[in-house]
Amino acid sequence: MAESEERQELTLVARKPCCALPTACPVCLPVYLYLKLARIPFHLDFNSIFPDSDQIPYVESGTYVAYNNENGGVIECLKKDGMVDLDTEFQFVPEWISIKAMITSWLADAVMYELWLGTDGSSARKIYYSDLSWPIGKVLFFKQIYNEKQRLGITKENADRREEEIYKRAKLAYGALSTRLGEEDFLFENRPSSLDAYFLAHALFTLQALPETSALRSLLLEHGNLARYADKHKMFIEAGTSSASVPPCCNSDHSSAPKRGPSNWSSKPKSKPKREKTEEEKTSKRRAKYFLATQFIAIVLFLSLLGGFESGEVEFDNDDEDIGYE
C-alpha cells in the first residue's frame, strides 16, 4: 500500500509540449513513455527557464528525486531504486543489451545531429528557446551547436565523414530494429520494456518534430513496420495530450516547486485589477530575475572564451542565413 501511495505522487518535470508531443524534448520523451508503458500514475510538470540544464528531465516523489544527469539517467535511476522496472527479465539477454546500446548511442547521436546541425534549427528553437528573449535564445542556440560538435567529434576537416558515419549507423540501426520488431507490438517478447520507451520516443520525435526535409526522417520511413509501430502506440501520447497542453503556470502547484524554479516565468497574464502578490509569486519573480542575471553572465563568459580561440578552431557555420533561425 505504501508503495502504491508513493507511486501516485510521482511527478515528471520535463520540457514543454510541442509538435503534438506531450514533451518535445528527445531526452524527456523516453521517460514520459516509460512511465506510460509501466502504467504508473504521475503528474506532468514543465520547466521552460533552464533550456540547457542537464538535470532535466527528473522525477520526484516526496524527498526522492531522480535526475537525468545522475546514475545513467532517470530511467536507470527508477530501475535501480526499485521505483519502476520493466526490464527485470531482459537485463542479461545479450541481444537486448546490444539493441539498447544501439538505440541509446547511434540513434540518439543521429537525433541530436539532426536537431542541431542537420536541419535549419527551427525545431530546436521551438522546443528550447521560444520562451526566452531573442539575444539569450540566439546565444544559447549557437552554444549548443558548439557543444554538439564537440560531443560528436565534428571538426571542419572531418564534418562530411562524420555526417556520413552518423547516417550510416542510423540506417543500420533501423534495419536491425525493423527485423527484430517484425509485426509485433513490442520489441521483446511482445511486452513493453525500456527499449520500447527509448525507440518509440525516437520514432515519434523524428516523425513529428523534425522537418519533412530531414534525412533521418526519410531513413525511418523506409521501414513501414517501424512507422506503423510508432503510429500504433500514439495512444500513449494522446492519453497525455490534455494534461500536456496545460501551460506550465497552471501545472506547477506541487509543494516541491521551489526545487525546479519558477515554471511560469515566460507567461504573460492578461490585464487584471492589481492585487497583493503572494509570497510564492514574489519568490518566483526574484528567481526569474536571478535566472536572467546568471544567463547574462554565462553569455558574457561564453563569448569571452570564444574570443580566446583562434578563428579556425571554433566552427560555427558562417552561413547564418542557411540556418533559418531568424
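Begin by selecting the lining of the second largest pocket in this predicted model, where the residues divide by class into 21 nonpolar, seven polar and eight charged. The lining holds 36 residues in total, and if you centre the view on Pro26, Val27, Asn68, Ala108 and Met112, you will be looking at those that lie nearest the centre of the pocket. Colouring by element then shows which parts of the chain give two or more residues to this lining, namely helix 2 (29–37), helix 3 (74–80), helix 4, helix 5 (122–129), helix 6 (134–152) and helix 8 (194–208). Helix 4 gives the most, with nine residues, and the space in this pocket comes to about 840 Å³.

Next, turn to the largest nonpolar core, which has 87 residues, and pick out Leu12, Leu35, Ile103, Leu177 and Phe199, the members that touch the most others.

Now zoom in on Leu177 and show its neighbours: leaving aside residues up to four places away in sequence, Leu177 touches Ile99, Met102, Ile103, Leu107, Leu187, Phe199 and Leu226.

From Leu226, move on to helix 10 (residues 224–232), whose buried residues are Asn225, Leu226, Tyr229 and Ala230. Looking down the axis of helix 10, you will find that these buried residues fall within an arc of 140°, and therefore they line one face of the helix. To finish, display helix 7 (159–181), helix 8 and helix 9 (215–221), against which the buried residues of helix 10 pack.

Definitions and conventions. Residues numbered from 1 in each chain as written. Predicted model: local features only at pLDDT ≥ 70, side-chain atom pairs only at ≥ 80, totals over all residues. Heavy atoms only, no water. Core = buried A, V, L, I, M, F, W, Y, C linked by side-chain atoms within 4.5 Å. Buried < 20%, exposed > 50% of the residue type's maximum accessible area, 1.4 Å probe, protein only. Contact = heavy atoms within 4.5 Å. 1 Å grid on protein atoms, 1.4 Å probe; cavity = no way out; pocket = protein on both sides within 12 Å on 5 of 7 lines; lining within 4 Å. Points joined across faces, edges and corners; volume = space filled by probe spheres on them. Helix = DSSP H or I, 4+ residues; strand = E, 2+ residues; numbered from the N terminus. Nonpolar A, V, L, I, M, F, W, Y, C, P; charged D, E, K, R; others polar. Arc of directions from axis to C-beta.
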